[in-house]
Amino acid sequence: MQLRDYQQHAVDAAIAHFKQSNQSAVMVLPTGAGKSLVLAELAKVANGRVLILTHVKELVAQNAEKVAVLSQPGSIFAAGLKQKDSSGKTVIASVQSAARNLQQFNQPFSLLIIDECHRVSLADGSQYQLLFSHLRQQNPQLKILGLTATPYRLGTGWIYQRHYHGRIGSMEHASFDRCIFELPLRPLIKKGYLAQPLLLDGLAAQYDFSSLQPANGLDYSEQHIDSLLGKMGRATKLIVGQLCQLAASKQGVIIFAATVRHAEEVLSLLKQHSSGVGQSAALITATTAHQQRDQLISAFKAKDITFLVNVAVLTTGFDAPHVDLIAILRPTASVSLFQQMVGRGLRSAPNKSHCLIIDYAANGFDLYYPEVGSPKPTSKAVPVQVPCPKCQFANIFWGLVDNDGDIIEHYGRRCQGLLNDSNTAPAQQCSYRFRARICPDCGSENDIAARICQHCQSQLIDPDKRLKEVLNKQHHHLFRCQQMQLTENNGALTVQYQDSDGNPFFRHFTLDTPAQRRALYALFVLPHSRTPGLKPKNYQRASELVADQQCFRMPQLILLKKTSKGWQHLESIFDYSGRYQNSTHFKDAAD
């Protein structure tokens, strides 16, 4: 069997990296790109013993099959496959079985390959880290390589520290040092290696999950989802009815339900709709017995079952190439999970030119460029390219665009560019910050959430503590902004802020002289810009700012001081998330 060109390029990248470095590495290949063949070829050419790890028995069996095709058969160590042999030159194991039997892995390995490596946790007590520590004791020079289609984790971002394209990853939470190879999805589709995805939002109906808010680092609450679904019963009936109609011309349908209760409702409706047209349906959940699960999957692959409903159990380690309709009925804040669901339908198969993917939950992820290394700040956010004014690196941040595709807001904090990057030198990230918190002691810029100055190590003033001290002084008040409006008055710019009770506060700017326009830029345009780092227009007239008022963000709070001439603006506060957001902590600025 001969590798495809990109598979050979991936193998070459791994060999080149490990010839000059012991840093752990990641390779990114889309679902269906043939990761099993890449790791099998690496096992074939590696000097010394190789351990291939994954988390489900199906992938253990799949990887062992490819190893046997490209070289001599390997040993399998997986309780789910009823084999525990760690004696071969290449050992293919489930991480669960290996971590529970560390004494069976006392012979040194030269290369460790982790399939679906986005699952690797940094937690010291995790099965992966226990196994890594044991293997390094046997060979401190162990090479570690991860393969995945989704190189990020919800809540922590990228799983690597730096990317070979010169981009920073996640310096604090990365499980791997360096991404050494990444293959986009589009070339595989263009060459016919993968089916063409046709992604649509719900057609007959769509769930409204817009009120959901993910917990910090977690996906949406199942209890909250169930509560919302309980109010959308008619939508589920319409969706199932449409899926039954579409399935008449499809080979296989996978439905991703939101919760077990939801999945059972979907299954019941499917049986009602499809019983008379020869379409059968089955349900798999985390509690489905292993033997029953294997039987249902085998029947689905044999096309004896048309609909396979599941709740987050068929996202990895499941291969049914004939699937040509994916129905996503669950919301998720995880782009990784979304990609894995879509990936179940992208493998090529006879009589299959495309795969229809219907997102009934309006998750809004882009199949081709879905991730920028940080949580999605709003459902309408899309990836936008923002060049760094300092190093010119083309950053990809979450942002908002207008109908013409122009950026009207971005949420980037710091430039992701790497300076003087190499396999051996420490990563040096560009110092430019699009949004920053200034240290009062040394004047250095820090992340807006920082508590310690990264330059002088002094304690940054807690914003709540500072506001409390200021508000205890006479005549100081906080104004909680709810609206902001720009208007022109006799050639001057008036900025009206309004609080939750409708009380206004005004700021006025004239633009008659260059000095006045520079003051406007420093006091209003720069701090209020939704696109920091991008060069703003050279505003000459107030009417130009009024026309562009959607380009300016509203402060959350305004600190005011009462003088003999009325309220005086002291400070506009952006990017704030403290106790004074709550209106019960405010004194009315218009008392």
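This is a predicted model: local features need pLDDT of at least 70, side-chain atom pairs count only at pLDDT 80 or more; totals for chains, interfaces and linings use all residues.

Biologist: What box do the C-alpha atoms fill?

Modeller: Roughly 85 × 60 × 45 Å, taken along the principal axes.

Biologist: And what share of the residues counts as buried?

Modeller: Of the 591 residues, 51% are buried. On contacts, if you take those with a separation of 6 or more, 63% come from residues 24 or more positions apart.

Biologist: Okay, helices next. At what angle do H2 and H3 pack?

Modeller: H2 covers residues 35-45 and H3 covers residues 57-70, and they pack at about 50° with their axes 8 Å apart.

Biologist: How many residues of H2 are buried?

Modeller: Nine of its eleven, so H2 is mostly covered. The buried ones are Lys35, Ser36, Leu37, Val38, Leu39, Ala40, Glu41, Leu42 and Ala43.

Biologist: Switching to rings. How many aromatic pairs does the structure hold?

Modeller: There are 16 aromatic pairs. One of them joins phenylalanine 509 and phenylalanine 524, with 6.1 Å centre to centre and 50° between the planes, which makes the pair tilted.

Biologist: Where do those two phenylalanines sit in the chain?

Modeller: Phenylalanine 509 is in strand S29 (residues 504-509) and phenylalanine 524 is in helix H13 (residues 514-528), so this pair links parts of the chain 15 residues apart. Both phenylalanine 509 and phenylalanine 524 are buried.

Biologist: Which phenylalanine forms another tilted pair with phenylalanine 524?

Modeller: That's phenylalanine 552: the centres are 5.1 Å apart and the planes make an angle of 50°. Phenylalanine 552 lies in the loop between helix H14 (542-547) and strand S30 (557-563), while phenylalanine 524 is in H13, so the pair ties together parts 28 residues apart in sequence. Phenylalanine 552 is buried, as is phenylalanine 524.

Biologist: Which residues do the ring pairs link into a cluster there?

Modeller: The cluster is made up of Phe509, Phe524, Tyr539 and Phe552.

Biologist: Is asparagine 351 buried or exposed?

Modeller: Asparagine 351 counts as exposed because its relative accessibility is 77%, and the cut-off for exposed is over 50%.

Biologist: And what about asparagine 490, what's its phi?

Modeller: Asparagine 490 has a phi near 55°, again a positive value in a residue other than glycine. You'll find asparagine 490 in the loop between strand S27 (483-489) and strand S28 (492-498). With a relative accessible area of 86%, asparagine 490 is exposed.

Biologist: Back to the loop between H11 and S18. What does serine 353 touch?

Modeller: Not counting residues up to four places away in sequence, serine 353 touches Ala195 and Gln196. Serine 353 counts as exposed, at 58% relative accessibility. Aspartate 324 is 29 residues away from serine 353 in sequence, and their C-alpha atoms are 8.7 Å apart.

Biologist: Last one: where is alanine 258, and is it buried or exposed?

Modeller: Alanine 258 is in the loop between strand S14 (253-256) and helix H9 (260-274). At 8% relative accessibility, alanine 258 counts as buried.

Biologist: What is alanine 258 in contact with, beyond its neighbours in sequence?

Modeller: Leaving aside neighbours within four places, alanine 258 contacts Ile225, Leu229, Val311, Leu329, Arg330 and Pro331. Arginine 330 is 72 residues from alanine 258 in sequence, yet the two are 4.1 Å apart in space, C-alpha to C-alpha.

Methods:
Residues are numbered from 1 along each chain as its sequence is written. Side-chain values use heavy atoms; hydrogens and water are left out. Axes are lines fitted to C-alpha atoms, for helices over the stretch in contact, and angles run from 0 to 180 degrees between N-to-C directions. Helices (H or I, at least four residues) and strands (E, at least two) are DSSP runs, numbered from the N terminus. Buried means under 20% relative accessible area, exposed over 50%, partly exposed in between (1.4 Å probe, protein chains only). Rings of Phe, Tyr and Trp (its six-membered ring) pair if their centres lie within 6.5 Å; planes under 30 degrees apart count as stacked, over 60 as edge-to-face and the rest as tilted. Contact means heavy atoms within 4.5 Å.
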